[in-house]
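Look at the model as a whole before you look at any one part. Then follow the paragraphs below from hairpin to sheet to helix.

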Amino acid sequence: MVKDINTTYDVTDLTSLEKLEPVRVRPGMYIGSTGTKGLHHCVWEILDNSIDEITNGYGDTAEVILNKDKSVTIVDNGRGIPTGIHPVKKKSGVEMVFTELHTGGKFDNKNYKTSGGLHGVGAAVVNALSKWVEVEVHQNGNIYRQRFEYAYDKSLKKDMPGTPVTKLEVVGKSKKTGSRITFMPDRDVFSTTEFKFDVIDERLQELAFQNKGIKLKLIDRRKEEEVNKEYYSERGLLDFIDYLNESKTPIHETPILFEGDRTVNNLQMYGEVCIQFTDSTTDNIASYVNNIPTTEAGTHETGFKTGMTRAFKEGARKLGLVKEKDKEFEGDDLREGMTAIVRIKITNPVFEGQTKTKLGNNEAYTMMNDLAYTKLLEWIEDNKELATSIINNALQAAQRREKIKKINDAEKKKIGKGTAPLAGKVAVCTYKDNTINEFIVVEGDSAGGSAKQARDRRFQTIMPSKGKIMNTEKQKLENVLASEELRIFNAAVGTGTLDNYKEEDLKYDKIIIMSDADVDGYHIRTLWMTYIYRYMRPLIANGHLYLAQPPLYKVYKKVKGEDIHEYAYSDDELEKVKKKIGKGALIQRYKGLGEMNPDQLWDTTLNPESRTLFQVTIEDAAKAERMVSLLMGDIVEPRKNYMYKYGEF
């Protein structure tokens, strides 16, 4: 609402946030979200500090412990957070690290050659968003301890996050060194405070692969029977690529592995790459900077791709596979079926945002471009037969790409002439504004019919999906793009696929997958996410893909002839809603979207004012893609192991 122009605006309207208050007011700026990703990001912030200690030569072990009271503990045997009193601040190092933003030992490269915890805000941010934090440091033969809470701050005369409620005290003797940090995430900040074992498990496994020789542990004490898991890798990235290709068939047994140092603009960098080509139709690149996964890629990954393409194009000419007048392959053609791990260590990484998912250093591009080009040219010279096979595959992929481009162009011409097969398949909205319009894929004809009645036809387009789309994991590119259902989806969305994708042709701001809240519904979601991840990835990278969450239950009763009802989206929420409505409440369990009346579907799942949407990230989609490869690929053993492990689920 616009203020009345006569309203005064002066210095009294300005608000100043004290100490850690800015983090509490805008947590998304520091950890990305207050959902499950942000919750786990707090673990990564503390864990990254422990890994930085180990990778810089101090200690060799880190543990993550999930406690019964739902707090989490991170332990390492590094040097320990400094406990001395700062000469200017007159505070201990522990108190500075946990109460002041941009305090750390990583700004001048004296203590750490490389680090993931760059900004010096991680520990303080975790403290700000926690109900309480307890820090224990083993150092100088002593055990030091200090506790912080969301509590009354005497100097400010109000409750403040991360307030020290004890001084740093010596509480015992120890011959060890290291830090032990326990924090309780605050329920007033996070929508969930339930740490997920599998999310932490996957991160620790990746860290072990990237740092061969270090020991990591995950201990879960939340259930009656304690779970202990250890992580250790002798072969590093070679073990990692075996893990990533577990459900795929490599076309060469020995992966391509190379490493090297470079200095660009006085910036020291070390890069390591592991590549293996498989029978898959898509590429999978996992990139990291100082152990941190860069899920949105960045300059290091782009540099690697450019250098690799240059090397193989030059190799193709030297091997006589491509002549000057021939149509060359592109980078996407070359990378078809490739799994690669790209990791660099860099003294001063520049990340885009505190959550560190995209690297911005131009020096990293130069370094990885040169490293990949030089090392892969050498590899091609020493492995001519295998290089020839890879290049021939790329040339075949280029031919398919040209064929697919013609198919896409023909489809676009049909749309222009009004002959595209959308009539009767898609209920198109009336607005032409692609900044607000929504394209909603609904599971099943029955639910699709209800959704067409329930939608706001001005900006919501509905496409009923006939159950499960084809499993793109097992299909060649031509078959995927010949699928009627996928052709309808592609034509309606408008962007094209793969390297023909054009963001400016996108007709909708949101692409929403709406499926039942059951096993089949999750399967359908996963198939759609996998297809979009593989063929229209910018939809995800640019924040356009969402999952709708329909309710599981309707809880209702009549009071004085009036219907009182609320919806519950989980079993935990059901208990809360039952208590709220009180005795005599009746419960309706929705088996699927088709059971809802149009008005119920609007209220719970379509109405922007009241619905719950989950935005899909590249990380989410990559996990869905990996799951499809595991559960639907041709390799039986990994699938069998997974089903044994998660048989109860």
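Strands here are DSSP runs of type E, at least two residues long, numbered from the N terminus. Two of them count as paired if DSSP finds at least two bridges between them. Keep both points in mind, because this is a predicted model and its strands are assigned by that rule.

Strand S10 covers residues 256–264, and strand S11 covers residues 267–277. They pair in the antiparallel sense over nine bridges. Arg262 stands opposite Met269 in S11. Two residues lie between the strands, and Asn265 takes a positive phi near 50° in this hairpin. Why pick out that angle? Most residues other than glycine have a negative phi. Asn265 is exposed, with a relative accessible area of 62%; the cut-off for that word is over 50%.

Asn140 lies in the loop between strand S3 (130–139) and strand S4 (142–153). At 59% relative accessible area, Asn140 counts as exposed.

Now step back to the whole protein. How many helices and strands does the protein have? The secondary structure comes to 20 helices and 22 strands. Of the 649 residues, 52% are buried. Take the contacts between residues at least 6 apart in sequence: 69% of them join residues at least 24 apart.

Next comes a sheet of five strands. It is open, its order is S16-S15-S17-S18-S22, and its pairing is mixed. Which strands stand at the edges? They are S16 (460–465) and S22 (613–615). Each has a single partner strand, so one side of each is left without a neighbour in the sheet. Neighbouring strands are turned by 25° against each other on average, direction ignored. Strands of a sheet pair through backbone hydrogen bonds, either parallel or antiparallel. S18 and S22 run antiparallel and are joined by three bridges. In that pair, Ala548 has Leu613 of S22 as its bridge partner.

Helix H12 (residues 445–454) touches strand S15 (438–443), S16 and strand S17 (510–514). The direction of H12 makes about 165° with that of S16. Helix H18 (residues 598–606) touches S15, S16, S17 and S18. The direction of H18 makes about 120° with that of S17.

H12 and H18 also pack against each other. Their axes are 8 Å apart, at an angle of about 80°. The two helices are therefore roughly perpendicular. From H12 come Ala447, Ser450, Ala451, Gln453 and Ala454; from H18 come Pro598, Leu601, Trp602 and Leu606. By class, this contact has seven nonpolar, two polar and no charged residues.

Helix H8 (residues 299–318) and helix H10 (residues 362–382) have axes that come within 7 Å and cross at roughly 30°. H8 and H10 are therefore roughly parallel to each other. Their crossing is right-handed. The contact of H8 with H10 has 13 nonpolar, nine polar and two charged residues.

S19 and S21 pair over four bridges. Tyr553 has Arg589 of S21 as its bridge partner.

End at one residue. Where does Pro550 lie? Pro550 is in the loop between strand S18 (545–548) and strand S19 (553–559). Is Pro550 buried or exposed? Its relative accessibility is 5%, so Pro550 counts as buried. Pro550 and Ala517 are 33 residues apart in sequence, but 6.7 Å apart in space, C-alpha to C-alpha.

Note on methods: Residues numbered from 1 in each chain as written. Predicted model: local features only at pLDDT ≥ 70, side-chain atom pairs only at ≥ 80, totals over all residues. Heavy atoms only, no water. Buried < 20%, exposed > 50% of the residue type's maximum accessible area, 1.4 Å probe, protein only. Axes fitted to C-alpha atoms, helices over the stretch in contact; angles between N-to-C directions. Contact = heavy atoms within 4.5 Å. Parallel < 35°, antiparallel > 145°, perpendicular 65-115°, else oblique. Left-handed = near helix turned anticlockwise from the far one by under 90°. Nonpolar A, V, L, I, M, F, W, Y, C, P; charged D, E, K, R; others polar.
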